[in-house]
Amino acid sequence: MLTDAELTSIAERPYKSDFPLLTHNPNLTFLDSAATAQRPIAVLDAERRFYETMNANPLRGLYRLSVEATAAIDASRRHIASFIGAVDDEGTPQGNQIVFTRNASESLNLVAKTLGRIAVGPGDDVVISIMEHHSNIVPWQQLCREVGANLIYLRMDDDYRITPEEIVAKIGPRARIVSVTHVSNVLGVENDVAAIGQRAHEMGAYFVVDGAQSVPHVHVDVQEIGCDLMAFSAHKLGGPMGIGVLWGRSEVLDAMPPFLTGGEMIDSVTETDAAWAPVPQKFEAGTQDAAGSYAFDADLTYLESIGMEKIETRERILARYLADRLASLDFVDVIGPSEGSRHVGAVAFNVHGIHPHDVASILDMNDVCIRAGHHCAQPLLVELGVENNATCRASVAFYNDKQDVDRLIDALRQVWQVFHGSN
């Protein structure tokens with residue numbers, strides 16, 4: 001149970017006023033931040049400011065506006081690198097290790113289509129977990145099918161953990177790439193990625209982390225984790241949609257061939273051949289979303305003005321409160337760990353005898369927004385034996401508060417009454 005001090009801390013509402021959609025809709029309870037976060041005014045202002053003051057195609061232009069747009073992208077790369085601990089021995093952010101994509105899904109596809117091609121051959125193993133989002137399953141399925149490799153799944157124990165024994169058993173000498181989610185987008189559980197990465201490297205494999213659900217909620221340091229590559233998206237942090245990030249160690253990115261080809265990613269072109277630009281431009285064909293990367297930079301500045309430690313503490317308390325309140329309803333089954341403290345941001349649940357889609361639709365009538373369905377994680381739901389291969393999912397961010405969770409619980413009681421009466 002939460003302490004009185006913890007309950008008081010989440011009863012406060014210090015951040016909602018920074019988010020226009022929430023202030024314009026005061027009766028709205030938004031509990032779907034695992035799908036996308038709301039945008040603070042700082043992000044909306046930044047994107048508008050870019051188009052009003054420095055709108056030009058970056059990289060090739062020699063005039064002032066283009067130079068400013070290029071500088072804005074470079075500054076954003078450095079800020080992102082600093083945010084995830086991608087710094088050198090002197091603490092200098094390594095912006096050239098930040099590749100911009102459209103989203104985390106594209107980042108993972110990039111890795112499978114490039115590193116996968118040079119690292120994985122017939123009879124080799126690619127290791128993922130059963131918890132993965134489809135974005136970290138389907139690209140590896142395709143690769144393994146094309147080259148004749150084996151796709152191996154790390155599976156959970158009854159406590160929703162990938163045990164050390166499972167890690168040793170599944171990541172063996174044939175492993176070439178190990179790619180796992182840091183935090184499950186369904187269960188909200190945090191995997192021991194450092195231990196998984198250590199085993200991967202002991203076996204000579206590359207280690208890739210899907211950080212889509214971790215970077216927004218917990219302290220992430222790529223050096224502490226020890227990964228070779230990490231993917232995540234701006235929009236789950238409150239940044240713009242359409243901006244993804246692939247971070248990688250320089251030597252790994254340098255070894256990977258291009259993913260897409262065309263403008264901006266070349267150094268020179270002849271009638272018969274081409275030479276690639278250095279990383280990160282090598283992976284960024286065509287005009288990039290310069291306004292989006294500029295606004296992402298502003299988003300990180302906003303988050304850091306609050307303090308990521310404060311954000312993480314608040315969100316962990318909110319997630320515990322959410323899980324505990326859901327577990328207190330005798331007509332609700334929480335899917336995942338019974339301890340609320342093990343849910344990072346998200347809690348999956350089902351209401352007895354009512355399809356998750358119906359639950360979500362009725363909640364929407366009460367201005368409560370949750371997710372319902374398979375959450376792009378169908379193999380996980382099959383593994384869990386979930387009825388209808390679907391769950392409800394409520395997810396929190398730091399702009400949520402105790403009242404949001406209480407509104408969800410009250411609305412769920414109304415859902416139950418609609419289907420089963422008032423007893």
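Let's start with a helix. Helix 12 buries Ile 311, Glu 312, Arg 314, Glu 315, Ile 317, Leu 318, Ala 319, Tyr 321, Leu 322, Ala 323 and Leu 326, where buried means under 20% relative accessible area, exposed over 50% and partly exposed in between, using a 1.4 Å probe and protein chains only. Helices (H or I, at least four residues) and strands (E, at least two) are DSSP runs numbered from the N terminus. This is a predicted model, so local features need pLDDT of at least 70 and side-chain atom pairs count only at pLDDT 80 or more, while totals for chains, interfaces and linings use all residues. Residues are numbered from 1 along each chain as its sequence is written, and side-chain values use heavy atoms, with hydrogens and water left out.

**More on helix 12**

- The cover over the buried residues of helix 12 includes helix 1 (4–11), helix 11, strand 11, strand 12, strand 15 and helix 15; contact here means heavy atoms within 4.5 Å.
- Helix 12 has 20 residues and reaches 28 Å from its first C-alpha to its last, close to the 28 Å expected at 1.5 Å a residue. The expected span is 1.5 Å times one less than the number of residues.

- Four strands make an open sheet in the order 11-12-15-14, with antiparallel pairing; two strands pair if DSSP finds at least two bridges between them.
- Strand 11 (332–335) and strand 14 (371–373) are the edge strands, each with a single partner strand, so one side of each has no neighbour in the sheet.
- On average, neighbouring strands in this sheet are turned by 30° against each other, direction ignored. Axes are lines fitted to C-alpha atoms, for helices over the stretch in contact, and angles run from 0 to 180 degrees between N-to-C directions.
- Strand 11 and strand 12 (residues 346–351) are joined in the antiparallel sense by four bridges, and Val 332 has Val 351 of strand 12 as its bridge partner.
- Helix 12 (residues 308–327) packs on this sheet, touching strand 11, strand 12 and strand 15 (391–395), and its direction makes about 10° with that of strand 12.
- Helix 13 (residues 356–365) also packs on the sheet, where it touches strand 12, strand 14 and strand 15; its direction makes about 155° with that of strand 14.

**Helix 13 meets helix 15**

- Helix 13 and helix 15 (residues 402–420) pack at an angle of about 115°, their axes 10 Å apart.
- Helix 13 brings Asp 358, Val 359, Ile 362 and Leu 363 to the contact, and helix 15 brings Leu 408, Ala 411, Leu 412, Val 415, Val 418 and Phe 419.

- Seven strands form another open sheet, ordered 2-8-7-6-5-3-4, and the pairing is mixed.
- Strand 2 and strand 4 (150–154) stand at the edges with a single partner strand each, so one side of each is left without a neighbour in the sheet.
- From one strand to the next, the twist averages 20°.
- Strand 2 is buried on both faces, with Ile 98 and Phe 100 on one side and Val 99 and Thr 101 on the other.
- Strand 2 and strand 8 run antiparallel, joined by four bridges, and Phe 100 stands opposite Val 245 in strand 8.
- Strand 7 and strand 8 are antiparallel too, with five bridges; Val 245 in strand 8 is the bridge partner of Phe 232.
- Strand 5 and strand 6 pair in the parallel sense over five bridges, and four of the five residues of strand 6 are buried.

**Helix 4**

- Helix 4 lies across strand 2, strand 7 and strand 8, running at about 115° to strand 2.
- Among the buried residues of helix 4 are Ile 73, Arg 77, His 79, Ile 80 and Phe 83.
- Just after helix 4, Gly 85 takes a positive phi of about 80°.

**Nonpolar cores**

- The largest nonpolar core has 104 residues, and Phe 207 and Met 230 have the most contacts inside it. Such a core is a set of buried Ala, Val, Leu, Ile, Met, Phe, Trp, Tyr and Cys residues joined through side-chain atoms within 4.5 Å.
- Helix 11 gives the most to this core, with 10 residues.
- Apart from it lies another core of 33 residues, including Ile 354, Ala 360, Ile 409 and Trp 416.
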